[in-house]
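Hi,

Here is the structure I promised to pass on. Have a look at it first, and then read on for what turned up.

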Amino acid sequence: MNGSSWSRFAQRSGYSGLLLATFATSPAALAEIKASDCANAAKYSESRRGSAMLVMQNGRTIFEHYANDGSANRRWPIFSGTKSFWGIAALAAVQEGLFRLDDPVSDTITEWKSDPRKSQITIRQLLSQIDGIEGASHLQRPSIRDRNAMAIGLPSEAEPGSAFIYGPSHLQIFSELLRRRLRGRSVISYFEAHVSNRLGLRDLKYKKDARGNPLPATGFELTAREWARLGELVIGNGNYHRRQIVPSNLLREAFVGSQANPAYGLTLWLNQGAPNGREADMERMLDLPWQNVQWPGVCICKDAPADMVVALGSHYQRLFIIPSLKAVIVRQGSGGNFSDARFLRLILGRTS
């Protein structure tokens, strides 16, 4: 799809803020991140209960730090950072021809055909969490026997495309859609064959229910180095160590925000509101009732490049990916009064 046709598509579909078709930037944008600035950021992170920090640029590690209770080999929960891996799996499935992003979900989950709202929901809206379905945080309870069945039966709270309602329900519904499209093949086996194995990730925690359905919204535990591999895939335009996982044109689909939330693409957070947007703590905003949150105009850090995308997990687990700087930054910890914007300014040497 060329630039003009993609622009027309975005306008028709209610999506906004498309990043450039490639991550090509001027040489001046490729600033070198300094180890001394990373050290200042590490001190700040550790003072806010940070446990691990990793900074890579141009394919090499330029800074790595672990607090007293951490090590390079310790896996740490990434919570909702798990979602972004399943977003990549969705794009891999599009590439394989299992479905298209703008297909109605009801083509597969036919129980929705008679529902005036649910019948209009697209797969893209599921992955962008703007389908209007209840977020349903209770889906994460381990006692639930069949999360997929519970998820597809959840009520609609808003018209599709009109509201960003964060929660595990959307990816759980997608998991059921993928299961049906695979016609007997295992969803987890598909994910491993198309994503995790290609990234060299093994022994992941899927938090399966009694029916064997994975919980795509959360659960993975990774070392900082392991999590950084997803960042390397993005920097590589869909390739990881010369292995194509998703084509670059499909990967770009993940970097398109919606009108309801321009700061969220397909399972990845976006900084495209920079430098003029208002900085926001995304975790705190997600704690508010969805009806009370205004997402348009927000950014993660005004002083970070607008092409930065972020995989975000609770308690300030972060994977920052900055294609224009060819940089991948991992921060892991256990909560604390942490600021993404301050952390990034320290790393990028923009604190004056």
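Let's start with the largest pocket: by class, its lining has 16 nonpolar, eight polar and four charged residues. Keep in mind that this is a predicted model. The volume of the largest pocket comes out at about 470 Å³. There are 28 lining residues, and those closest to the centre are S80, Y166, L286, D287 and S314.

As a bit of background, strands of a sheet pair through backbone hydrogen bonds, and they can do so parallel or antiparallel. Here you'll find an open sheet of six strands, paired antiparallel, in the order β3-β2-β14-β13-β12-β9. Its edge strands, β3 (60–66) and β9 (269–270), each pair on one side only.

Zoom in on the β3 end: β2 (residues 50–57) and β3 are joined in the antiparallel sense over six bridges. For one of the residues to look up, take A52, whose bridge partner in β3 is Y66.

Which helices pack on this sheet? One is α2 (residues 35–47), which touches β2, β3 and β14 (327–333). The direction of α2 makes about 30° with that of β3. Another is α8 (residues 224–235), in touch with β2, β3, β12 (309–313), β13 (317–322) and β14. For α8, the angle is about 150° with the direction of β14.

Key:
Residues numbered from 1 in each chain as written. Predicted model: local features only at pLDDT ≥ 70, side-chain atom pairs only at ≥ 80, totals over all residues. Heavy atoms only, no water. Pairing = 2+ DSSP bridges. Helix = DSSP H or I, 4+ residues; strand = E, 2+ residues; numbered from the N terminus. Contact = heavy atoms within 4.5 Å. Axes fitted to C-alpha atoms, helices over the stretch in contact; angles between N-to-C directions. 1 Å grid on protein atoms, 1.4 Å probe; cavity = no way out; pocket = protein on both sides within 12 Å on 5 of 7 lines; lining within 4 Å. Points joined across faces, edges and corners; volume = space filled by probe spheres on them. Nonpolar A, V, L, I, M, F, W, Y, C, P; charged D, E, K, R; others polar.
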